[in-house]
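Dear colleague,

My notes follow directly after it.

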Amino acid sequence: MYDIFGTPFGWIMRLIYQLVNNYGVAIVLFTIITKILLFPISYKQQKNTLRMQLIQPKLKKLQAKYKDKPQELQQAQMQLYQEEHVNPMSSCLPMFLQFFLLFGVLDVVYKPLTHILHYSKSVISKVVEISTGILGDSVAKQYTGLRQELGVLKAFQDNPSAFSNVDTFDTSKVSDFMEHFTVFGVNLGETPTWHPEVWNTSAVILFCIPLLSGILQLIMTIYMQIMQKKRGTAPEQNMGCMNVMLYVMPLFSVWFAFQVSAGVGFYWACSSFFSLLQTIGLNLYFTPERGAKIIEKENKKMEARYAAGKQSFMERMMNQNAGAARVQETEKTKNMSNRELSSYNKQKIQEARKRMAEKYGETYEEDSSDED
């Protein structure tokens, strides 16, 4: 998974590094480029959020009406989604895509020898073995798996001559890279610590990188919570555990950023910063008026496509669910008497009329005059 997404991102990172000749600046520009590439996904997520916001009042009415009937509530919600052209699963795909792309981003940040200096796996395997001997078992444990190459850079900084006998491993090339493997003059291969030996400028900057990453994530979380409350899409009270996790994750990221090289924490800080700017920008763009026009325009396109017999995957799933519901409905009514069936059909007609009235903002009075 890391290699699949890491290879193309690695070429992008290498190109940027060759242009700016500084790894810290390259990370900033790389983050901006990945955000631009992922912007269509974020834009689509924002539109889906707006759609969900517009139907929140109707969803809450359904939840109140069928609070003790979960199966009927599910059917009513699916019907509402279909009528309003809402895909409740549309935000899942972008989230999965971003999750998978994150593998590639981390692969690039963790493996500069592979993606920036283009060393082969056999050469990297040899220098990893040498670095383990230099760092010692206790320190080497912090640089296992994906972080091995960062461990090599740390060991190389401590004892560059130990790598001189490795074929095709150009120590002068690596030394030059190490000089530019910096941000604000700090080596991004260094690991931040709570208790540095000396509180110099380098130690302070290293210490601030994980804190900055966590603070930016916390600001993002608070901002999203505020926007959810403003839109009326905040999680219900029974989602309290998930809300707690949203605030715990920034703290966890701070702790974890103290366990890895500063380059990783710096990327997280950059990513959180640009994500925050992007989210604020999208929220400012999607004003209620503009959002309503965009949704109305898209609804017309969907209706035209649907009329032409073209359906999305989600629409096909909804239709299949509707078919299954009709089968279940048939099973439910086949043993009813004529009187029971008539009463049941009348109830269904009234519910359909009520939904249509609610959809178009009309008042509906239930007709109870007809009696069998």
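This is a predicted model: local features need pLDDT of at least 70, side-chain atom pairs count only at pLDDT 80 or more; totals for chains, interfaces and linings use all residues.

Residues are numbered from 1 along each chain as its sequence is written, and side-chain values use heavy atoms, with hydrogens and water left out.

L15, L19, V20, V25, L29, I32 and I36 make a nonpolar surface patch of about 600 Å². Such patches consist of residues with over 30% relative accessible area and no salt bridge, nonpolar side chains being joined within 5 Å; a salt bridge is a side-chain nitrogen of Lys or Arg within 4 Å of a carboxyl oxygen of Asp or Glu. Areas come from the Shrake-Rupley method with a 1.4 Å probe. Helices α1 (2-20) and α2 each give two or more residues to the patch, and α2 gives the most, with 4. Helices here are DSSP runs (H or I, at least four residues), numbered from the N terminus.

V20, in α1, counts as partly exposed because its relative accessibility is 31%; partly exposed lies between buried (under 20%) and exposed (over 50%).

T31, also in α2 (residues 23-54), is buried, at 0% relative accessibility. Leaving aside residues up to four places away in sequence, T31 touches Y267, C270, S271 and F274 (heavy atoms within 4.5 Å).

In helix α10 (residues 171-179), V174, F177 and M178 are buried. The buried residues of α10 fall within an arc of 100° seen down its axis, so they line one face of the helix; the arc is taken from the directions from the helix axis to the C-beta atoms.

With kind regards

Note on methods:
Buried means under 20% relative accessible area, exposed over 50%, partly exposed in between (1.4 Å probe, protein chains only). Patches are made of residues with over 30% relative accessible area and no salt bridge: like charges are joined within 9 Å, nonpolar side chains (Val, Leu, Ile, Met, Phe, Trp, Tyr) within 5 Å.
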